[in-house]
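This report covers selected backbone features, strand pairings and chain contacts. The sequence and structure come first.

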Number of protein chains: 4
Amino acid sequence: MPLPAEFLDIAERVNNWGRWGEADEIGTLNLVTDEVVREAVAEARSGRRVPLALALKADGVQSGLIPGRVNPLHAMVQINQQLFGPDTVATSDDVVTLGLQSATHWDALTHASHSGRIYNGRSAGTITAHGGAGFSGIDKIPYVVSRGVLLDVAAAKGVDRLPGDHAITPEDLDEAAEFGRVTVRAGDIVLVRTGQVQVYLAGDRHGYGYPSPGLSVRTPQWFHAHDVAAVANDTLTFEIFPPEIENLWLPVHALDLVEMGMLQGQNWNLESLSTACGEAGRYAFLLAAMPEPFEGATGTPVAPVAVL
Amino acid sequence: MPLPAEFLDIAERVNNWGRWGEADEIGTLNLVTDEVVREAVAEARSGRRVPLALALKADGVQSGLIPGRVNPLHAMVQINQQLFGPDTVATSDDVVTLGLQSATHWDALTHASHSGRIYNGRSAGTITAHGGAGFSGIDKIPYVVSRGVLLDVAAAKGVDRLPGDHAITPEDLDEAAEFGRVTVRAGDIVLVRTGQVQVYLAGDRHGYGYPSPGLSVRTPQWFHAHDVAAVANDTLTFEIFPPEIENLWLPVHALDLVEMGMLQGQNWNLESLSTACGEAGRYAFLLAAMPEPFEGATGTPVAPVAVL
Amino acid sequence: MPLPAEFLDIAERVNNWGRWGEADEIGTLNLVTDEVVREAVAEARSGRRVPLALALKADGVQSGLIPGRVNPLHAMVQINQQLFGPDTVATSDDVVTLGLQSATHWDALTHASHSGRIYNGRSAGTITAHGGAGFSGIDKIPYVVSRGVLLDVAAAKGVDRLPGDHAITPEDLDEAAEFGRVTVRAGDIVLVRTGQVQVYLAGDRHGYGYPSPGLSVRTPQWFHAHDVAAVANDTLTFEIFPPEIENLWLPVHALDLVEMGMLQGQNWNLESLSTACGEAGRYAFLLAAMPEPFEGATGTPVAPVAVL
Amino acid sequence: MPLPAEFLDIAERVNNWGRWGEADEIGTLNLVTDEVVREAVAEARSGRRVPLALALKADGVQSGLIPGRVNPLHAMVQINQQLFGPDTVATSDDVVTLGLQSATHWDALTHASHSGRIYNGRSAGTITAHGGAGFSGIDKIPYVVSRGVLLDVAAAKGVDRLPGDHAITPEDLDEAAEFGRVTVRAGDIVLVRTGQVQVYLAGDRHGYGYPSPGLSVRTPQWFHAHDVAAVANDTLTFEIFPPEIENLWLPVHALDLVEMGMLQGQNWNLESLSTACGEAGRYAFLLAAMPEPFEGATGTPVAPVAVL
């Protein structure tokens, strides 16, 4: 059973392969120019900072459903160790093992493939156990700093959080933009709030992941039309889960990452940001969300910060 | 053999215990106010961004000398896996094991202890294998965004990099500030460039670590006098190594982290920043260097970005 | 609240500190002499081999209740990689992260401490993050080969498995020995079957761990009286859990490991062995259960084999 | 450049595909029957045990040359932790990350492939990041207990260790068998001693790996003719390295693992065994070398023990 025509039709419309040259590995992040950054900086008026990462810990959001995607395991290799002899200064060191997509993270463009292809038409076979992603690994992205825009879909609809079967549509995004009196522009990083992360924060890891509101297969066209640089939200799967179209799993991943070459973020905690934007009456801000440059990786934990 | 009087004397002068209350866990980062951030933002005039992290990879800066501090090990748990059946969208997932202090990193305030104490006078015994740092773990630091200042000591002295036995003094810092026509202010994050990271980038991991130029035991007083919020540099050990005073190992760690409660960063790649600041004729910028919030950790990889 | 008199009284009776000298680190394994091994070999009459380890995998017996004790995480670093060029022989390599006590394992004698002491009266402070166990680490045990004896308590009582609140007593052990027509001798390794592992094998990881039948606080005296070299069983906690005496947690660990210096094994799969012994009508066999010599470790996965 | 005719010719002669049925995943281990085990047991006359594993530790045999094959990293997650409250029994727990082929190990039959095939003619594509080896993973091998035979090539030649360019030939194996007055039989596990591990034990990890004596491409026919069940030796690469035939890398791996389906072991410490066999005047013994059953793994650490 090949991918359905409905999907392939959208894929064709949002495709960015070749748009920034054959050699390109970073996709829509090309849209973040120095000028965009200058405008982003201008949004940081109050100096108020809001962190957007969940704590990295053993009882993180992963429930074991995605094989191998393990929550961070923290262990000590030195505790107050006087490496150079007694009566000297002591140090403590730790190590960690984690799934790169296990917590608040960015998917690299290579995280998804379909029909044997990754972003810019390259072969999915360029991902190997030896070295990971040959192209478009997360280490190829030097920085993610731009104007951030919060599209607070839950707040715009007057609810704490969207129900588990709510697929966020382009109309919902327009409504949230209007609610925030903000215009999404080329190079923006859009944060879409569902409120779903509250379920995890309340202790229900399973309920957080499934069922979950998330982006509809119709939203990639909206992001494409607005020339958005990256999108993140506060859910485990990013897109509505289970999916809208029977047996079409992860279509938004394929459209955003493979076709458009647009970075996707998941498990972002947008609760405090919602409050801060509401208090400020402004839904645009400076956003820094730097990938950790793991060589060849298909994802990375990220500790984003919004400056209002 | 107790710590020498010379050390204890400086310790007393730079001590910040109780300055921000008994409950404080973040030390000099308290100096970064909204106003400081507004001033920091004002430095980001051109929109030019400069990343400061080294690649996270198996042949990173660690040479095996520090027990347990391992370079990142990257491995795949999914490669183009069609989790939901054939002919669907596929995903790739990876896991990593790394020493939290192995690459470009921040030391948490708990990374060092002396005489049984950590920052703010707490017992070093509050660090355990079960949960890590009970106080002042890296997850307690919500954000690191401030004005960054590059003190390009190597450039100020007209050399590519400082010799391995050069202990950077307060006078060197003043000279570099003058060279950059910049005044260090309360809440600034100071980046001190030695050029030493070139040794690693040229392929000599052992030569990078030892011998290495670095900060003198006299610098903590300078940082204290200027009310600096954090300091990072481009060496493995931060301070001059081997140390200036025989058998007094890691005194700067003890003074900065334990006594002052000032965040320290190591293995930052300041080469491109040196070029960019030189070209711009400006050595102050907006700096975002967010810790990954590993719960109870005594350090964190960091992917800093300077916006000029 | 110190440890109760009841515990301290047994502790005194079973204590082996100094029995094999002050320098000893292996405890009751000293009882396995060449002669014992020759007798053990004589039990291997049919050549039938029975493996006793559970599969090492992500959905192993750990349910997350014991902090940091993670099931094995398997990941690939090479898949059919032609390291030396195209058209050559290819190889695959994998890495694993696991809790050393997470699966079928031996506890090292250092795994437990009480009142600040480990086996042979050494300070518990000799266990550090830097290097692990200074004494009695699992790597100190060169081999575990001896006569194995299955005490099939469940079979002796005519049940598939013991109920969750059944504390196995010395009388139960005698009954099982009689059932198997076997006499426990000095240097034997005793395997005690409860049948509890069936709960895990049936898919109920939580029910496997709690509540669980296991050894009573009265059994260490029995093991001591018989000069047993090591004991293993088919439960998560080894001893009855929750414990028999309120607020006295893990007393059997303390008596076996700390006081006697007797190796303990957990999560052994004794189901096939029960069948094999029943069919053979013999409950003694040659047992090889070699620790993996992880330096300084307080436990090890083990893949035991019985030869009947 | 395809594999040379010389290789393909040998491959055809030693091929065992289909010999134990299409469904077979364990190859020559089928040769270890109950009868073979009974004969093996009969060799354990004195009860003397000799362990054959190197310590598992951070400064193990890996030097970083094989990407991703990391030495064991040991870290603590509990140190004397009183999980159930103060004044109770305390426990210590550790975790480890290691390359499954990093230390004294068995290669699974899937560890090597050539021309797209693994043992028994299956597709090499059955090895994936998701689940590892679909066939012939190390967990498929329930036990490795048989008669062990030491072919002490170094001792037979009257040298401490073979020179780095010595390719061990069938004639060398015959000479060593004669030296040990032992006849290799069907189902035996043959241990071939070069003495090379002394280089590692003396602290020279690089010299240990390269150049290294090892088995010649001519030996698989000898093993095949004798119906050997498994072979291990005391080198990093098992076969002579660099290889005998230019640009033909790892031919012995391909012949043993892929064509014959014969388990291979590396980094075994045969020094004490050489002494013990010399003292006993007997070079056959009972050998237990149980794989840790890592699910889907292409190798496993092993702690073998010989009983003379």
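Asp227(B) sits in the loop between α7 (219–225) and β12 (230–233) of chain B. In this predicted model, Asp227(B) has a positive phi of about 50°, although Asp227(B) is not a glycine. Asn80(B) is another non-glycine residue with a positive phi, here about 45°. Asn80(B) belongs to strand β2 (residues 73–81) of chain B. Is Asn80(B) buried or exposed, or does it count as partly exposed? Its relative accessibility is 21%, and the cut-off for buried is under 20%, so Asn80(B) counts as partly exposed.

**Cis peptide bonds**

In chain A, the peptide bond from Tyr210(A) to Pro211(A) is cis, with omega near -10°. Pro211(A) is placed in the loop between α6 (205–209) and β11 (214–215) of chain A. Chain B also has a cis peptide bond, joining Tyr210(B) and Pro211(B), with omega about -10°. The loop that holds Pro211(B) runs between α6 (205–209) and β11 (214–215) of chain B.

**The interface of chain B and chain A**

The size of an interface is often given as the accessible area lost when the parts come together.

| Interface | Residues in contact | Buried area | Share on carbon and sulfur | Salt bridges | Residue pairs in polar contact |
|---|---|---|---|---|---|
| Chain B and chain A | 88 of chain B, 88 of chain A | about 7,100 Å² | 61% | 6 | 33 |
| Chain C and chain A | 12 of chain C, 12 of chain A | about 950 Å² | 67% | 0 | 4 |

Between chain B and chain A, about 7,100 Å² is buried, with 61% of this area on carbon and sulfur atoms. On the chain B side, the residues that lose the most area to chain A are Arg49(B), Phe84(B) and Val89(B), which together make up 11% of what that side buries.

Arg49(B) also takes part in a salt bridge, with Asp34(A) as its partner. The closest N and O atoms of this pair are 2.8 Å apart. The rule finds 6 salt bridges across the interface of chain B and chain A, along with 33 residue pairs in polar contact. Which element gives the most to the side of chain B that touches chain A? Strand β3 (residues 90–99) of chain B does, with 10 residues. By class, this side of chain B is made up of 52 nonpolar, 24 polar and 12 charged residues.

Strand pairing also links the two chains. Strand β3 (residues 90–99) of chain A is joined to β3(B) by 5 bridges, and the two strands run antiparallel. Within this pairing, Thr97(A) has Thr97(B) as its bridge partner in β3(B).

**The interface of chain C and chain A**

Chain C contacts chain A through 12 residues, which meet 12 residues of chain A. About 950 Å² is buried between these chains, and 67% of that lies on carbon and sulfur atoms.

Strand β2 (residues 73–81) of chain C supplies the largest share of the side that touches chain A, namely 6 residues. The chain C side has 7 nonpolar and 5 polar residues, and no charged residues.

**Strand β2 of chain D**

Strand β2 (residues 73–81) of chain D is mostly covered, with 8 of its 9 residues buried. The partner of β2(D) is strand β3 (residues 90–99) of chain D; 6 bridges join them, and they run antiparallel. Met76(D) has Asp94(D) as its bridge partner in β3(D).

**Ala288(C)**

Ala288(C) is part of strand β14 (residues 284–288) of chain C. With a relative accessible area of 11%, Ala288(C) is buried. What is Ala288(C) in contact with, leaving aside its neighbours within four places in sequence? Its contacts are Val144(C), Val145(C), Ala303(C), Pro304(C), Val305(C) and, in chain D, Ala288(D). Pro304(C) is 16 residues from Ala288(C) in sequence, while their C-alpha atoms are 5.7 Å apart in space.

Key
Residues numbered from 1 in each chain as written. Chains lettered and ligands numbered in written order. Predicted model: local features only at pLDDT ≥ 70, side-chain atom pairs only at ≥ 80, totals over all residues. Heavy atoms only, no water. Contact = heavy atoms within 4.5 Å. Buried area = accessible area lost by both parts, 1.4 Å probe. Salt bridge = Lys/Arg side-chain N within 4 Å of Asp/Glu carboxyl O. Polar contact = N/O pair within 3.5 Å; in protein donor to acceptor, adjacent residues only side chain to side chain. Helix = DSSP H or I, 4+ residues; strand = E, 2+ residues; numbered from the N terminus. Nonpolar A, V, L, I, M, F, W, Y, C, P; charged D, E, K, R; others polar. Pairing = 2+ DSSP bridges. Buried < 20%, exposed > 50% of the residue type's maximum accessible area, 1.4 Å probe, protein only.
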